[in-house]
Amino acid sequence: MASNNLTTRPSVAVHAPGGTASGVEPTDTPVMQLRDVSVYYGSYEAVRGTTMPIQQNQVTAMIGPSGCGKSTVLRALNRMNDPIPGARVSGEVSFHGQDLYARDVDPIQVRRRIGMVFQKPNPFPKSIFDNVAYGLRINGIKGRLDDHVEEALTKAALWDEVKDKLRKSALALSGGQQQRLCIARTIAVKPEVILMDEPCSALDPIATAKIEDLMFELTSDYTIVIVTHNMQQAARVSHYTAFFTAEVDDKQVRHGRLVEFSQTGKLFTNPADKRTEDYITGRFG
Amino acid sequence: MTLTNKPPTARSTLSQRGSSALGDRVFSWWTLGTGLLVLAILGLILITTVREAWPAFDAMGLRFLTERTWDPNPAAGDAIFGALSFAFGTAISSLIALLFAVPVSVGIALFLTELAPRRLRGPAVTVIDLLAAVPSVVFGLWGILVVAPAMVPVYQWLHDVFGGIPVLGSIFGPVSSGRNFMTAGLILAIMVTPIITSITREVFSTVPRADKDAALALGATRWEMIRGAVFPHSFGGVVGAVMLGLGRAMGETIAVALVIGGATNITANLFAPGNSMAAVIVQQFGESTGTFTAALIGLGVVLFAMTVLINVLAQTVVRRAEARMKGSVA
């Protein structure tokens, strides 16, 4: 497993699909581990003391009410908070045992290995082909570009719909197609982990179902972390679930906090914490 | 539900017009009026200048555009008014200006939007905007007193180094003085940089965070992010900014008149003196009469037409690029 290579930029993808299990049985091989992670924006502590694992080739869902910091934690997993002025992370986020926030770690390498799909489909204003090829080109991936693009689009279950119009603008696609294109773009650079920040919130139910099916398929090769405000979605697609909530401390400062992390089945049927139970039964949030 | 059922009393309430309708009407007339006013002024300028210039157009015919000689007071025969030399001067000095100003402006704008620390941005923007506030005659005097003499050794060096090479040699030709196309272009570059910078900066800052995030999340470096997310998004706006800069460069009068050298000249040599249309007008208008005056106004008409033509071309380019981006063109 390529684990100590975040400081340099290899020209060829180092991809190691781990297990073969894409089933419902959760495995227990953490690929990432958060230890006491807090995220600050300036002096404001947005999320406090998060500790949880991200299991390999599994879908981990982060759920919770608005403002509970789930997206903030997600962005901390591939250093996407770095460009935000004043953003800072304390604690440890490790990836194959290596601290992602260590001084010699290159955030560009981190993002290459831990990709991200966003809430609103955000294809570049370029052709469909160029959208997928962009990541390949900047990462200097060798081999025939066409093959890589086709492979990524196929994996994202989009190839059949776009193979005849690869040179057309990506902005002409429907929202659901655009989001699958964004997933294709992400998997084209062959990351190990894919972070998804409410990937279906801008999509209709049919497009949502397609993305959910896709997530399930993708777990054979990738580890997925998804933030969702939709509890049913978390229950449907994830193996593990982390429930976050927003708390107000003694000084009246609001901050996000991880309440409970466990296997999805257990969290939804037999939650350990009263707050989790209130949330999933709809009494709060 | 039956289609014959009328909703009770809805008609009267829906057709009621409150005082808000008046505001809407006033607003729409006001905006329509101001819009039409601009068109009317443009039209009137065109009509009156063409009319005033008519004696010259009448005397010269199409030769006004194709003739390179400009001789208002010939020793014998009729005066000759050819705009070509000055149109060339306008074009070449503006092109030089863009050649230097565009990369610099885009660089400054990128620095301000993507790299500069937040507290540096405000002051930097103020300084650049101040550059736009300097009167053009000051630029002209600075050009004639400082830049022109200071650049002579540089021009000379370029001529010595490249002068012997076939094509480059004709561009970097013999230097007669510091007042030439190149100096005019350099001064213009400094004058248009603030405009291009401030508009491209606005354009770059409208690139959605989501697009930049998308590039970064794929492992893009800052430059790769700029190329992949910022530039495709800003193409139209940057072209617009360049066009505004070009418009200013082509129309600039006094600064160019002071540094361009004042010769009627078409040459590939950038270090040769020449003249531009706007500069000729300001230099000669005071001493002109009759057809001579008409010819100078004719230069204004040609300049006006050139500017409009370039803007229309640029808009076509932008529209096509944007259409391609949105997918309506394959």
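## Helix crossing in chain B

In this predicted model, the axes of helix α4 (residues 84-115) of chain B and helix α12 (residues 277-284) of chain B cross at roughly 120° and come within 7 Å. Because angles of 65 to 115 degrees count as roughly perpendicular and only those over 145 as roughly antiparallel, α4(B) and α12(B) are oblique to each other.

On the side of α4(B), the contact is made by F86(B), A87(B) and T90(B), while α12(B) contributes M277(B), A278(B) and V280(B). Sorted by class, the residues in the contact of α4(B) with α12(B) are five nonpolar and one polar, with no charged residues.

## The annotated span of chain B

An unreviewed UniProt entry carries the annotation "domain: ABC transmembrane type-1", which covers residues 87-314 of chain B. In the model, this span of residues 87-314 of chain B is 79% helix and 0% strand, and its end C-alpha atoms lie 19 Å apart.

## The sheet of chain A

Chain A contains an open sheet of ten strands with mixed pairing, arranged in the order β5-β4-β1-β2-β10-β9-β3-β8-β7-β6. The edges are held by β5 (98-99) and β6 (114-117) of chain A, each of which has a single partner strand, so one side of each is left without a neighbour in the sheet.

Within this sheet, strand β7 (residues 193-197) of chain A pairs with strand β8 (residues 223-227) of chain A in the parallel sense, over five bridges.

Key:
Residues are numbered from 1 along each chain as its sequence is written. Chains are lettered from A and ligands numbered from 1 in the order in which they are written. This is a predicted model: local features need pLDDT of at least 70, side-chain atom pairs count only at pLDDT 80 or more; totals for chains, interfaces and linings use all residues. Axes are lines fitted to C-alpha atoms, for helices over the stretch in contact, and angles run from 0 to 180 degrees between N-to-C directions. Helices (H or I, at least four residues) and strands (E, at least two) are DSSP runs, numbered from the N terminus. Angles under 35 degrees count as roughly parallel, over 145 as roughly antiparallel, 65 to 115 as roughly perpendicular and the rest as oblique. Two residues are in contact if their C-beta atoms, placed from the backbone, lie within 7 Å. Ala, Val, Leu, Ile, Met, Phe, Trp, Tyr, Cys and Pro count as nonpolar, Asp, Glu, Lys and Arg as charged, and the others, Gly among them, as polar. Two strands pair if DSSP finds at least two bridges between them. UniProt positions are given in the numbering used here, feature names are shortened, and annotations may be inferred rather than shown by experiment.
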